[in-house]
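Subject: Structure for you to look at

Hello,

Here is the structure I said I would pass on. Please open it and keep it on screen while you read the notes below it.

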Amino acid sequence: GFFIALFGATIGATCAFLLSRYLFHDYFHKKLAHSKWLRWTKIRDQKHLTRVAFYARILPFVPFNITNYIFGLTKIKTSRYVLATFFGLIPEIVLFVYLGESLKEGISQKLIAVIVAIVVLSAAGYFIEKKINFRETKKKH
């Protein structure tokens, strides 16, 4: 299930990214004109954009579909986006596939360990968000 989920999610994210970039660019810019998400569109530094894309993927609470379309509006290279998405999704997919598997056993040590890992990964988002905060973003464009 892991490889199917990883490749499926990466392909789906890439399709949404490309649709946003080439077909709906103007539409999304109008719809999201006042959104904090559009701050990413001002970043030009490829390494920084790649880090932001990777962090957005690694965190389970970041809205997956929204970020696909938002990154299509940025200057990130498609290859960098695909790689950041692919590698950033690995921890989350491992945890959720394992969560699904451990649910078969009911309440168990495996299930509790997976839930704790998901909580820890989500809590790490606070520190990662500090690293890529808006002030740093403003300096990079």
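Predicted model: local features only at pLDDT ≥ 70, side-chain atom pairs only at ≥ 80, totals over all residues.

The whole chain

The protein chain contains 7 helices and 0 strands. Written out along the sequence, its pattern is α-α-α-α-α-α-α. The chain has 141 residues, and 38% of them count as buried. Its accessible surface is about 8,500 Å², and carbon and sulfur atoms account for 67% of that. If you take the contacts between residues at least 6 apart in sequence, 78% of them join residues at least 24 apart.

Two helix pairs that share H3

A pair of packed helices is described by the angle between the two axes and by the distance between them. Helix H3 covers residues 46–58, and helix H5 covers residues 78–102. Their axes lie 7 Å apart, at an angle of about 30°. An angle under 35 degrees counts as roughly parallel, so H3 and H5 are roughly parallel to each other. The crossing of H3 past H5 is right-handed.

On the H3 side, the residues that meet H5 are Gln46, Lys47, Thr50, Ala53, Phe54, Arg57 and Ile58. On the H5 side, they include Tyr81, Phe87, Leu89 and Glu92. Sorted by class, the residues of this contact are 8 nonpolar, 4 polar and 4 charged.

H3 also packs with helix H4, residues 64–72: the two axes come within 10 Å and cross at roughly 165°. Angles over 145 degrees count as roughly antiparallel, and H3 and H4 are therefore roughly antiparallel. This crossing is left-handed.

Here Leu49, Val52, Ala53, Ala56 and Arg57 of H3 meet Phe64, Thr67, Asn68 and Phe71 of H4. The contact of H3 with H4 has 6 nonpolar, 2 polar and 1 charged residues. Ala53 and Arg57 of H3 are listed in the contact with H5 and in the contact with H4.

Ser20 sits in helix H1, which spans residues 2–22. Is Ser20 buried or exposed? Its relative accessibility is 0%, so Ser20 counts as buried. Which residues is Ser20 in contact with, leaving aside its neighbours within four places in sequence? They are His25, Phe28, Tyr69, Gly72 and Leu73. Ser20 and Gly72 are 52 residues apart in sequence, while their C-alpha atoms are 4.9 Å apart in space.

Regards

How values were computed:
Residues numbered from 1 in each chain as written. Heavy atoms only, no water. Axes fitted to C-alpha atoms, helices over the stretch in contact; angles between N-to-C directions. Helix = DSSP H or I, 4+ residues; strand = E, 2+ residues; numbered from the N terminus. Parallel < 35°, antiparallel > 145°, perpendicular 65-115°, else oblique. Left-handed = near helix turned anticlockwise from the far one by under 90°. Contact = heavy atoms within 4.5 Å. Nonpolar A, V, L, I, M, F, W, Y, C, P; charged D, E, K, R; others polar. Buried < 20%, exposed > 50% of the residue type's maximum accessible area, 1.4 Å probe, protein only. Areas by Shrake-Rupley, 256 points an atom, 1.4 Å probe, with all protein chains shown as cover.
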